[in-house]
Amino acid sequence: MALLEVRDLRVVFQRRGTEPFSAVDGVSFDVNPGQTVGLVGESGCGKSVTSLAIMGLLPARGNKVTGSVKFEGTDLLTLSNREMRDRRGRDLGMVFQDPLSSLNPVIPIGLQVTEVLERHRDMPRKKAMVEAAELLDKVGIPDPTRRLSEYPHQLSGGMRQRALIAIALACRPRLLIADEPTTALDVTIQAQILALLKELVQDTGTALIMITHDLGVVAGLCDEVNVLYGGRVVERAERHQLFAEPRHPYTHGLLASIPRLDAARGEKLVPIKGSVADNIPWDSACAFAPRCPNALDVCRQVTPALEDEDRRSLRCHNPVLPGTPAAQEVPA
Amino acid sequence: MTTLLNRKKRRIDDLAESAGTSLAADALKRMSRSPVAIIGGIIVSLFVLLAIVAPFITPKDPYKRYPELLEHSTAEFVPGPMPGFILGSDEMGRDFFSRLLVGAQQSLIVGVGATLIGLVLGMIIGGAAGAFGGWVDSWLMRFTDIMLSIPSLLLAISIAALASRGSQTTVIIAVAVTTVPIFARLLRGAMLAQRHSDHVLAATALGVKRRTIVFRHMLPNSLGPVIVQSTLTLATSIIEAASLSFLGLGDPNPDRAEWGLMLGIAQSRIDIKPELAFYPAIAIIIVALGFTLLGESLREALDPKNRR
Amino acid sequence: MTAAVEPAAADAPVGGSLVSVQDLKVHFPIKRGLIVDRTVGHVFAVDGVDMEIRRGETYGLVGESGCGKSTLGRGMLRLVEPTGGKVVFDGTDLVELKGESLRRMRRRIQMVFQDPMSSLDPRQSVESILVEGLRAHGLDKGREATGKRLRELLSAVGLPSTSLRKYPHEFSGGQRQRIGIARALAVEPDLIIADEPVSALDVSVQAQVVNLLEELQEQFGLTYLVIAHDLAVVRHISDRVGVMYLGGIVEEASSDDLYAEPLHPYTKALLSAIPVPDPEVEDRRERILLTGDLPSPANPPNGCRFHTRCPWKQETKCATDRPALREVRPGHKVACHWAEDIQAGRIRPHEVETVLVEEGGISPDVPLIGPSSVTEVLNP
């Protein structure tokens, strides 16, 4: 049994006076212990909402969450707020994009770590302090004992993110969700944080859900990758398979549109035409059809289903044939 | 399926709008959908309408002392409602209801007058500080800080006291002066933020003249909070003017019908006929509420974050 | 495209120097104090930069946040005042210019900003955004000619001519960036400084804008200075690349040379840190992980600015002498005392002890502003 089984997760936002909007539209995936699963997509694809729904962190009002999120067999969506609070921190840890706003600015770092230890592991304050220092040391914060008494603004961005990871790891959660953990950081710091996450997964066997828009980050870190578009998974595969042979036109298009550091210069990038604003609803079509170079008539009439084939899941009527170079597109 | 239809409809709506909606048009459209704005708008427009037509619709002469009311008045009794006099007499034998109606006009003059003066002065100070920055900004802001640090009522009282004879103009000016630093600080802050915004930098980089940048980019984009503040100020200045009148710093002419003044005079008779204080107070509260609601919804509508 | 949009520079020889930045410095005072502001220190955002941009080329400037790359771009345009140095543009030192002559000169250097939403005035329609520059420089020649010109501009950046009456919020991020580019093009500049032109855009849209910039360069013979943190993007569109670290350029080379043979330790680390969307490459790559963080630009290290994090740091020189940018190969400059020895393998990398970086300085890219809200004003 998988550690986490997400089945048909839907999140519909409904604010007074506006149309209901499905941010997440039937997403299913599994996470096994020690596995790193990537959720990749652009802004508005539903990747962050998925993670918030799993963590039970969506605002209580204005949205409807359906489907199931089974963590070791327990459906997290059915738990009460109180039970969920116990789970968070103990079983599930989360690291957010902006380390400064995720830390309480008026409480010293140390206290923010020990708080979790005291609450979930019933540690006395003194012991928790020692443990906190060890945690900070483990995530690579130099001089951890001194750092315990410092405030978030006294740390640099990279150090704050490390502190946040330390807090998320304090109770040795079995699942860590990292939502764009390196987007706010510089590349050299990003490399440090990614190396740290990789090491933690290897050493502790924690499962990791990595949410990012950066395909480069995914390529080096994730075992399995879910590509999201318009709130649905459009392609899922093992990372080598996905990058070697992207079959969904969206995945294919994304890879063709980003400049690669190691590619020969002078090659033109092949952008995906249009923008997310051009999407059509999934209800009776493929949302990506208006931007898709492979679109057929059927794509605008029938919703494609997510079909499994050869260890890959694909939601497409007319997938890219293996070995196809990036399609030439006239810029929109 | 309904969602699909709705979405399609929305797309069509979007297309219809695509001729271009400016920020102001968009704000107006969203306000027209907000119940808070509608309630505020109704209250405020009724108030303004009343203020304009009040002199023509009063059932009785608000300034005349009616013998039929006076004959019933004693030191221990003020007549209540009676035929022809809906709310009865005030403490001096005049028609209370007519005076309440006319009071709307006076209160509007005080509120709008004080806010306008405060707004203009505040915008000149704040605009200059925001546009020039540097030492101009420093000195102007120190000046407004000093003004802010004096309790507004105290400031108003001192100004009213300085003018040897109380008058309505004194009250308006006194209230206006207390609102100046608020407007000045607000506009200055917004303009300084604009000064460093990318689109002002872009205009500078484009080689647009400084004056054009200030008046076409910085000022219009800074006005939102000021407009909102002025509706809120309108409400508070009516109350503040009322309290000045209540303290006897306004026009001493006993004929003048103004809610604050009426409230003030009513205190001597509050044990005999509490309505004399009650109705003007309610009127002030309702109008203040109307402006506040309008101001709040305006703030919401002008907030770019609320745009789709 | 018609000949109507033709910058003056198109006739000039390609390859000659268009801009020459000489020892440019931009220091921001850090002010404290209640009543009288006292200067308690400086943020050395740009601290002695030499750079030359040739006509018709794309010069890429990369570096991490806080390295001063944006300030350098803004200092060149005099959007922030340089503390010292020269910016010689087509023979004129921009730093010396004042008032009207500076304003007139601005027509020739335009800027494209990172955030296409905030760089467009939300109250202006596209038409008035585009006309503004024309008007400021007397290029607004009658209704008909201007209308024609606006349509040309829109078609050059790939927007429909119906866009003129719309407002910025009605466009997607990519389209807004096109408007920003059209605004810059409107005044027929010679040089466009693009500050992170694609980093605020969705990945699938970035390529559209990158391609557009390339097409426009070909069409109008533009010169670009592209400032970005993403070395992959910069390498893709630039002919030459300068790498900045803490206010100074540490390496400058052609795009290909820089990637093939980075000479400065920082460039090596930067290149190795950038993830490549290819698991095969990622699995094999060896990373040079830098320890610690960027020191505060308010308190930069002595000597070589990078020595506190450098795995190749030596006992001598590094901590005491600031290395000059010197040409070690034709067209390849580096500011490292030991570049040749490192390249030849005579110096091996070693462990670096992490130095604590105190966050006390003010980021040079974030300008200090006054209160911006009612609450802030009323609750100081």
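1. The residues of helix α3 of chain B that are buried are B:Ala37, B:Gly40, B:Val44, B:Phe47, B:Leu50, B:Ala51 and B:Ala54. The model is a predicted one. An α-helix has 3.6 residues a turn, so residues three or four places apart point the same way.

2. Where does helix α3 of chain B bend? This helix, which covers residues 35–57, bends by about 40° at B:Ala51. A proline, B:Pro55, follows within four residues of that point. B:Ala51 is also one of the buried residues of the helix.

3. Chain C contains an open sheet of four strands, arranged in the order β2-β1-β4-β5 with antiparallel pairing. Its edge strands are β2 (38–54) and β5 (92–93), each of which pairs on one side only. In general, strands of a sheet pair through backbone hydrogen bonds, either parallel or antiparallel.

4. How many bridges join strand β1 of chain C to strand β4 of chain C? Five bridges link β1 (residues 17–32) with β4 (residues 84–89), and the two strands run antiparallel. As an example of such pairing, C:Val21 has C:Val87 in β4 as its bridge partner.

5. Chains A and C meet through contacts between 48 residues of chain A and 45 residues of chain C. On the side of chain A that touches chain C, helices α7 (157–169), α8 (187–204), α9 (215–221), α10 (239–244) and α11 (249–257) each supply at least two residues. The largest share, seven residues, comes from α8 of chain A. By class, this side of chain A has 24 nonpolar, 15 polar and nine charged residues.

Conventions:
Residues numbered from 1 in each chain as written. Chains lettered and ligands numbered in written order. Predicted model: local features only at pLDDT ≥ 70, side-chain atom pairs only at ≥ 80, totals over all residues. Bend = angle between axes of the 7 residues up to and from the residue. Buried ≥ 20, exposed ≤ 12 C-beta atoms within 10 Å, placed from the backbone. Pairing = 2+ DSSP bridges. Contact = placed C-beta atoms within 7 Å. Nonpolar A, V, L, I, M, F, W, Y, C, P; charged D, E, K, R; others polar.
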